[in-house]
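Here are some exercises to work through with the model open beside you. Try each task before you read its solution.

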Amino acid sequence: MHYNRKLLLQADERLRQNGANTLNKQQTTSRLELINITKQYPGCLANDSITLSLQPGEIHALLGENGAGKSTLVKTIYGVVAPDKGDILWDGKEVTIKSPSTARDLGIGMVFQHFSLFETLTVSQNIELCLSQKQLDAIDNLATKICQLSEEYGLNVDPHKYVHALSIGERQRVEIMRCLVQSVKLLILDEPTSVLTPQEVSGLFEVLRTLSKEGCSILFISHKLHEVTEICHQATILRGGKVVDTCVPSEETPASIAKMMVGDLAEQETQYTKKEGTHTLFSANNLSLSSKQPFGTSLKKVQFELKAGEILGIAGVAGNGQDELMAIISGEDNRADKSSLTLEQMEIGHLHAGDRRKLGMAYVPEERLGRGAVPDMSLTENTLLTHSTGFIKNGLVQWQEAKEYASRLIKKYKVKCHGEFSEAKSLSGGNLQKFIMGREIGQNPKVLICAHPTWGVDVGAALAIHQALLDLRDQGAAILLISEDIDELFLLADRMSAICDGHLSPQVKTQDTNIDQIGQWMAGTFIDTQRELTQEAKS
Ligand SMILES: Nc1ncnc2c1ncn2[C@@H]1O[C@H](COP(=O)(O)OP(=O)(O)OP(=O)(O)O)[C@@H](O)[C@H]1O
């Protein structure tokens with residue numbers, strides 16, 4: 001198992017008993033004060049005179065739709081972005097935060113939306129890299145310290161594992177650990193829960209509450225508003241780079257906060273009709289394959305069918321074989337037996353990703369920068385990369401068509417950017433996700449495989465992506481959603497299953513199951529039953 005389930009459930013219970021998110025405000029000096037912070041990018045005023053203060057021990061949410069300026073603001077606090085104007089006061093004194101190392105010296109830690117870990121180093125080596133000599137001297141043995149903190153906070157981080165072998169969820173826990181090791185006074189979290197399971201989120205909240213009680217301030221960016229109402233003492237809402245509202249989240253509802261952020265869109269109905277698929281379009285047949293990664297998860301006899309006109313959801317704790325399954329289905333890894341995957345009864349296990357795309361498959365990988373899009377390429381060029389047939393004629397690239405396609409996506413999904421020629425890396429995380437989802441859905445694939453379809457996407461845009469997925473399903477496509485967001489899976493999927501240690505559970509109609517059962521399957525309770533059935537069949 002990749003997390004200590006029992007510990008996290010206990011933490012969850014303690015959390016419930018702890019009750020309301022109230023802050024004991026006895027301090028007078030703010031931990032952090034931002035006064036009129038302004039940041040202009042070419043053609044975009046990302047932060048427009050933002051004023052905000054944060055007390056010791058306060059958990060403060062920074063909210064706003066995609067592109068509102070949240071990441072820019074927190075990067076300013078962490079010394080990654082230099083503001084054009086404005087003052088920063090730290091414990092009442094004016095400071096200039098020139099770099100992340102200045103920020104860390106002050107006691108500011110940050111967990112980014114896009115992680116900043118070196119893949120070829122171990123967890124412990126990565127953490128060591130961001131510690132000053134003074135901090136290192138104070139620690140006897142870093143690996144032991146990581147294990148202690150891991151146990152204490154229920155994070156389950158193994159100091160000896162290589163980062164390239166970790167799933168996104170595990171990498172995020174390493175980032176949090178990196179801050180914990182540094183004993184921070186302000187912890188900034190840019191969408192910390194988007195890839196965690198409910199149990200892991202409870203564990204994380206327990207960590208945050210403990211840190212808050214110890215006087216650590218927390219600045220928390222999230223699009224999951226029920227979490228904000230649950231844990232945050234204060235919230236600041238940004239729109240178009242400006243502060244448009246502030247509130248005490250416990251006195252609000254997710255709907256009322258969403259309204260402050262995006263207007264009436266957020267009040268749309270979020271119950272979707274479940275459908276039953278017709279004929280099998282895609283299947284995985286007894287698919288077993290060892291992982292290419294030294295610490296990866298091998299797939300064990302994975303069996304499922306994906307029908308035309310249905311969405312199949314696969315839930316699971318990060319690191320249980322999701323990456324391996326995605327790679328094998330997409331063709332990024334084509335070591336599988338020819339017959340272990342079929343598309344419209346054609347054997348495709350041996351085909352490369354490009355060939356599978358030509359047959360009508362599309363993918364949205366978990367990692368948007370690097371896998372889903374090339375950071376230094378424009379949106380138009382990124383469109384060209386996965387559009388395998390449309391934009392090449394007589395051996396020539398049809399740039400005008402590619403540009404128009406990119407432009408249509410920008411409009412349809414309200415992608416905030418400076419146009420079709422913006423580099424992928426200049427987009428905010430949620431905007432890039434909207435673009436990638438749109439690019440793949442827009443190809444009208446027969447089979448769409450996607451991981452975390454709305455990771456980092458704001459409420460309004462998530463509704464648009466949901467609708468686009470449902471429309472694609474209703475046109476007869478087969479969709480596989482692999483996600484750690486159980487709520488979203490229950491909302492969208494017509495059938496559900498779970499993956500644990502490379503085993504895939506049975507698939508059931510969503511109406512015939514519930515979060516408890518899927519939670520148990522995520523913990524692997526179905527594996528023994530499957531083994532017994534196989535034994536019975538053999539004897
Ligand atoms: N390096 C850059 N160059 C040009 N524009 C940029 C750059 N970085 C950010 N922007 C623009 O600044 C605006 C604010 O982006 P920011 O990443 O702060 O938004 P955000 O609120 O964090 O969004 P999300 O919720 O999607 O992460 C966006 O319109 C974005 O395209």
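A residue is buried if 20 or more other C-beta atoms lie within 10 Å of its own, exposed if 12 or fewer, and partly exposed in between, with C-beta atoms placed from the backbone. Helices (H or I, at least four residues) and strands (E, at least two) are DSSP runs, numbered from the N terminus. The model is predicted: local features need pLDDT of at least 70 and side-chain atom pairs count only at pLDDT 80 or more, while totals for chains, interfaces and linings use all residues. Residue numbers start from 1 along each chain as its sequence is written.

**Exercise 1. Work out how many residues of α13 are buried, and what they pack against.**

Step one: count. Six of the eight residues in α13 are buried, so call this helix mostly covered.

Step two: name them. They are Leu379, Thr380, Glu381, Asn382, Thr383 and Leu384.

Step three: look for their neighbours. These buried residues pack against β18 (396-397), α14 and α15. Contact here has a cut-off: C-beta atoms, placed from the backbone, within 7 Å.

**Exercise 2. Find how the axes of α13 and α14 cross, and which residues meet.**

Step one: get the geometry. The axes of α13 (residues 379-386) and α14 (residues 399-412) come within 8 Å and cross at roughly 105°. Axes are lines fitted to C-alpha atoms, for helices over the stretch in contact, and angles run from 0 to 180 degrees between N-to-C directions.

Step three: list the contact. On the α13 side you'll find Leu379, Thr380, Thr383 and Leu384, and they meet Ala402, Lys403, Tyr405 and Ala406 of α14. The contact has five nonpolar residues, two polar and one charged. For that sorting, Ala, Val, Leu, Ile, Met, Phe, Trp, Tyr, Cys and Pro are nonpolar, Asp, Glu, Lys and Arg are charged, and the others, Gly among them, are polar.

**Exercise 3. Decide whether β21 is enclosed or open, then trace its strand partners.**

Step one: check burial. Six of the six residues of β21 (residues 495-500) are buried, so the strand is largely enclosed by the rest of the structure. One side carries Arg495, Ser497 and Ile499, the other Met496, Ala498 and Cys500, and both faces are covered.

Step two: take the parallel partner. Strands pair if DSSP finds at least two bridges between them. Four bridges join β21 to β13 (residues 310-315), running parallel, with Ile314 partnered by Ser497.

Step three: take the antiparallel partners. β23 (residues 508-509) pairs with β21 over two bridges, and Met496 stands opposite Val508. β22 (residues 503-504) also pairs with β21 over two bridges, with Cys500 opposite His503.

Step four: inspect the turn. β21 and β22 form a hairpin with two residues between them, and Asp501 in the turn has a positive phi of about 50°.

**Exercise 4. Identify which residues come nearest the ligand, and which elements supply the shell.**

Step one: pick the nearest. Of the 21 residues around the ligand (C-beta, placed from the backbone, within 6 Å), Asn66, Ser71, Thr72, Ser428 and Gly430 come nearest.

β2 (44-54), α2 (70-77) and α15 (429-441) each give two or more residues to the shell.

Step three: sort by type. The shell splits into seven nonpolar, twelve polar and two charged residues.

Methods
Two residues are in contact if their C-beta atoms, placed from the backbone, lie within 7 Å.
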